[in-house]
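Thanks for coming, everyone. Let me put the sequence and the model up on the screen, and then I'll walk you through the packing.

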Amino acid sequence: MSLYDANLGENDAGWGGTLGRIAHRLAGPDDFDPLLDRIGDARIVQLGEASHGTYDYYRLREQLTRRLVAEHGFSFVAVEGDWPDCDRVHRSVTGAPGADPDPQTALERFERWPTWMWANAEVARFCRWLRAWNLERSPEQRVGFHGLDVYSLWESIHAILDHLGEDDPPARRAAQEAYRCFEPFNGDPQVYAMVDDECQGEVVRMLTQLRNRATRDGADRFSAWQNAEVVAGAERYYRAMVQGGPQSWNVRDTHMADTLDRLLDFYGTGAKAVVWAHNTHVGDARATSMTRAGLVNIGELARDRYGPDDVVLVGFGGYRGEVLAGSEWGAPAQVMELPPARPGSLEDRLHTVLPERALLVFPRDDRPAWLGAEFEHRAVGVVYDPEVERWGNYVPTRLGDRYDAFVWCDQSTPLHPLPARSVPGELETYPAGV
C-alpha cells in the first residue's frame with residue numbers, strides 16, 4: 001500500500017498540500033488497508049454510493065465488504081431494500097432449507113421498481129461469493145443479508161400470514177384483522193394514506209403479538225416480527241408521505257436505523273454490521289443542508305446511538321461517466337450520461353487533484369481545513385435527468401464531518417441489471433429517488 005503523494009501543489013482551500021496525508025491510490029482490494037485500520041473494532045460500517053446505478057460503487061463496496069466479512073468477522077450485510085425480498089436472498093446465502101440454491105434466482109424475483117437497484121450482476125456476484133463462504137461454516141457462523149427499508153406493506157402482511165399458518169391463533173387473528181383493514185385499498189398504500197380511516201390499532205395489535213412470539217426463539221419468528229415492524233413503519237410512512245415535507249423521510253430512516261438495532265440484537269453479543277445505502281442515508285445529515293430541512297438519516301442516528309468510535313461512515317463519489325436510472329418514476333432503466341461535475345463542486349475539485357481511483361481516510365485530529373468547509377456534493381437517485389445538473393442533484397456538505405472516509409471514482413460506468421420482473425413502485429416524494 002502506497003500513499004498518494006504526487007506533487008499536487010497548493011491551490012484554493014489548501015487541497016493540494018494536504019491530500020498527500022490522507023489520500024491513497026486504490027487499485028485493488030488490498031488497497032483498502034488504511035480504511036480497515038481506521039475501522040478497527042467498530043461495530044457498524046456504512047458504505048454509501050453517490051448514485052444507485054453505478055457499477056464502480058457497487059464493485060468497490062463489494063470488495064471492501066468481502067474483506068470485512070472474511071478478515072474482520074462482520075455478521076451481516078443490511079441494505080436499502082425491502083425485508084421480504086432480501087429475506088429470500090438471506091435464506092439463499094445462508095443455505096436455509098428450501099431456499100433458492102442460487103442467490104441470483106432470489107434476486108431475479110424482486111418486483112418493486114427499481115428492481116435493478118439490487119437485482120443486478122454486481123450484487124449477484126457478491127451473494128454467490130457469500131453463499132460459498134457461508135456453506136463452509138456452521139449455521140451459527142453464517143453471514144446474513146437483510147433489507148432495512150419500509151415500503152413492503154402488503155408483501156410483509158402476506159409473509160406474516162404465510163408464516164403463522166394455524167399454529168398461533170391469536171397472532172394469526174391479529175394479522176388477519178390488519179389485512180382486512182388494508183384490503184379495501186386494493187394494495188395501493190397511497191390510496192390508503194389519503195383516506196381518514198386508520199388501521200393503526202390493528203397494526204399495533206399484530207405487532208404486539210408477533211413481538212411476543214419472536215422473543216421465544218427462531219430466525220423465522222424474528223423475520224415475522226420484522227415484517228410486522230415493516231407494516232407499522234409503512235403505515236406511518238405512507239400517511240406522512242401525502243402530507244409532504246420531511247416527516248416521511250424521517251419515518252423511513254428511523255425505521256431503517258431501528259431495524260439495524262434489532263438485527264444487531266438478534267445476532268447477539270459482538271455482532272457487527274455492514275450497511276449498503278445511498279450517501280444521503282449513510283453520510284451524517286448534520287454535516288449537510290439536510291439538517292436545515294429537518295431531515296435525519298441512518299448515519300446520524302447510528303453515531304448518536306452507538307458513538308463515533310463504533311460507527312464508520314464511508315461516502316462514494318465521482319466526476320463523470322454513465323449511470324443507470326429511470327427518466328421518471330416507474331420508467332424502464334436506461335444508461336444515461338453523467339456529465340462533468342458542476343464547477344466549484346466537491347467532485348470538480350477532487351477531479352483536479354486525485355488519480356482515477358482513490359481512497360481518502362480522514363484523521364480524527366489535526367484535519368485539513370477544507371474537510372470542514374462546505375462544498376456542493378453530487379447525489380443521483382433512481383430518477384435522473386442530466387439537464388437538472390445545472391440547478392439540482394447536489395447537497396451542500398462538509399466532507400470530513402459527513403463521512404469518516406471517502407472512495408473516489410473519477411470515471412464511472414453503469415450497473416448491469418438482471419432480467420427481473422419490474423412493476424411500478426410507490427413514489428418517494430421527499431426527496432425523490434434516494
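**Cores and helix pairs**

Of the 434 residues of the protein, 60% count as buried, where buried means under 20% relative accessible area, exposed is over 50%, and partly exposed is in between, with a 1.4 Å probe and protein chains only. A word on conventions: this is a predicted model, so local features need pLDDT of at least 70 and side-chain atom pairs count only at pLDDT 80 or more, while totals for chains, interfaces and linings use all residues. Residues are numbered from 1 along each chain as its sequence is written, and side-chain values use heavy atoms, with hydrogens and water left out.

The secondary structure comes to 16 helices and 11 strands; these are DSSP runs numbered from the N terminus, H or I with at least four residues for helices, E with at least two for strands.

Now the cores. A nonpolar core here is a set of buried Ala, Val, Leu, Ile, Met, Phe, Trp, Tyr and Cys residues joined through side-chain atoms within 4.5 Å. The largest one has 53 residues, and L35, I39, F145 and W276 touch the most other members. Helix 6, residues 121-135, gives the most to this core, with 7 residues. A second, separate core has 51 residues, including L153, F182, M206 and V230.

Helix 6 also packs against helix 3 (residues 55-72), at an angle of about 15° and with the axes 9 Å apart. Axes are lines fitted to C-alpha atoms, for helices over the stretch in contact, and angles run from 0 to 180 degrees between N-to-C directions. That makes the helix 3 and helix 6 pair roughly parallel; the cut-offs are under 35 degrees for roughly parallel, over 145 for roughly antiparallel, 65 to 115 for roughly perpendicular, and oblique for the rest.

What about helix 7 (residues 153-164) and helix 8 (residues 169-182)? They pack at about 150°, with axes 10 Å apart, and are therefore roughly antiparallel. Among the residues making that contact are L153, W154 and I157 of helix 7, and Y179 and F182 of helix 8. Contact means heavy atoms within 4.5 Å.

Last stop: S152, in the loop between strand 4 (144-147) and helix 7. Is S152 buried or exposed? Buried, with a relative accessible area of 1%. Leaving out residues up to four places away in sequence, S152 touches D82, W83, P84, R112 and V230. V230, you'll remember, is also one of the residues in the second core.
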